[in-house]
Amino acid sequence: MERTILCVDERSRLDAVTDAIAAEDTLTPEGVTTVEEAAERIADGDVAGVVTGYDLPDGSGMEIIETLRQEAPQTPSILFTDVPPTEIDTARFNEVIVEYLSRDLPNAHDRLGLVVEDVLNHAVQVGFLTPEDEHERLTALDEYDVETLPIESSFDRLTDLIASHFDAAIAFIGLIEQEEENFLACHGADLDTMTREETMCTHSMLQEDVMVVQDVREDKRFSENGALEAMGIRSYAGANMTTPDGHVIGQVCLIDFEVRDYDAGERAELQDFAETAMEILELRRQVRDSESDEPVEESSEVAA
């Protein structure tokens with residue numbers, strides 16, 4: 001399967017870059033020379049990856065990175081430049097899959113196609129974005145062993161209340177595990193698990209504030225998600241469940257089958273519900289831990 005690679009660079013350098021990409025059988029280069037042209041092409045979709053220089057006629061490669069952050073954060077990119085990393089604002093790479101390749105390396109152009117192939121394959125294997133504290137987050141999640149916590153009835157009542165409060169078709173509480181989201185309670189649908197590639201919560205958990213998608217079909221992150229389309233989902237709102245130590249382990253979410261927005265007050269209320277769900281989990285965990293720490297009383301009976 002051939003994959004289109006958008007190549008962005010100064011005119012004097014562009015041919016060498018596209019030739020390097022074309023040398024790989026599975027890659028097809030498309031060349032542009034400006035930030036504006038690149039933004040328009042990314043917005044059109046169907047770009048598997050981006051190779052961009054740093055200094056461009058109407059801006060810099062960092063503006064391409066910003067466009068990817070907004071339009072297609074899961075599209076990997078290669079920053080191919082002779083500008084050293086110390087002079088690049090790498091903090092702006094957050095939530096975008098970016099690789100740095102120096103033009104000053106020996107045989108840099110010969111290596112470029114191989115690097116692009118490797119980054120694309122790695123992106124496919126990962127399939128979803130993860131927070132920077134993913135390891136610590138999963139460790140924190142393990143502390144809430146839901147199989148041992150009596151939360152089912154409480155969460156069922158809570159999702160019923162949430163759905164009624166917002167007049168939403170579906171309300172659910174889910175924990176985001178290493179490879180999937182595990183739904184602990186759901187009003188309005190029979191949801192058990194979804195992979196992290198499929199669930200919108202994979203993206204919502206990366207935002208500090210409540211994430212709202214008014215129309216799933218108009219959002220490039222989700223418009224081609226077959227699982228969401230099969231369920232008929234049109235709108236979404238998700239709020240983080242955050243542990244006392246600051247790790248996001250789950251989401252409280254609303255789903256509807258029609259285009260819908262949520263105002264600032266409704267978003268704040270959804271966050272309050274998420275904090276309530278987290279408080280229930282934390283309380284149950286503390287009770288369980290205190291019970292397990294209680295000493296076992298020895299029998300006072302004396303054997304005859």
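Let me start with a definition. Ala, Val, Leu, Ile, Met, Phe, Trp, Tyr, Cys and Pro count as nonpolar. Asp, Glu, Lys and Arg count as charged. The others, Gly among them, count as polar. Keep those classes in mind for the cavities. One more thing before we go on: this is a predicted model.

Cavities, then. How many of 30 Å³ or more does the structure hold? There are 2.

Take the second largest cavity. Its space comes to about 30 Å³. Which residues line the second largest cavity? They are Gly49, Val50, Pro76, Ser77, Ile78, Val116, Val119 and Leu120. Now apply the classes. This lining splits into 6 nonpolar and 2 polar residues, with no charged ones. Gly counts as polar, so Gly49 in this lining falls in that class.

Where does the lining come from? Strand β3 (49-52), strand β6 (77-81) and helix α4 (108-126) each give at least two residues. Helix α4 gives the most, with 3 residues.

Next, the largest cavity. Its volume is about 60 Å³. Phe172, Phe183, Leu191, Met194, Thr199, Met200, Cys201, Leu228, Ile233, Tyr236 and Ile255 line this one. By class, that lining has 10 nonpolar residues, 1 polar residue and no charged residues.

On to the sheet. What is the order of its 6 strands? Read across, we get β10-β9-β8-β13-β12-β11. The sheet is open, and the pairing is antiparallel. Look at the edges. Strands β10 (193-195) and β11 (211-213) stand there. Each has a single partner strand, so one side of each has no neighbour in the sheet. From one strand to the next, the twist averages 25 degrees.

Now zoom in on one pair. Strand β8 covers residues 170-176, and strand β9 covers residues 180-187. They pair in the antiparallel sense over 6 bridges. Which residue in β9 stands opposite Ile176? That is Glu181.

Helix α5 (residues 134-142) packs on it, touching β8 and β13 (248-256). The direction of α5 makes about 110 degrees with that of β8. Helix α6 (residues 152-166) lies across β8, β9 and β13. Helix α6 runs at about 70 degrees to β9.

Let me tie two parts together. Phe172 lines the largest cavity, and β8 spans residues 170-176. Phe183 is also in that lining, and β9 spans residues 180-187. Ile255 lines the largest cavity too, and β13 runs 248-256. Find those three in the structure above.

Terms used:
Residues are numbered from 1 along each chain as its sequence is written. This is a predicted model: local features need pLDDT of at least 70, side-chain atom pairs count only at pLDDT 80 or more; totals for chains, interfaces and linings use all residues. Side-chain values use heavy atoms; hydrogens and water are left out. Two strands pair if DSSP finds at least two bridges between them. Helices (H or I, at least four residues) and strands (E, at least two) are DSSP runs, numbered from the N terminus. Axes are lines fitted to C-alpha atoms, for helices over the stretch in contact, and angles run from 0 to 180 degrees between N-to-C directions. Contact means heavy atoms within 4.5 Å. On a 1 Å grid over the protein atoms alone, a cavity is a set of points where a 1.4 Å probe fits but cannot get out, and a pocket is an open set with protein on both sides within 12 Å along at least five of seven lines; lining residues have an atom within 4 Å of a point. Grid points are joined across faces, edges and corners, and a volume is the space filled by probe spheres set on the points.
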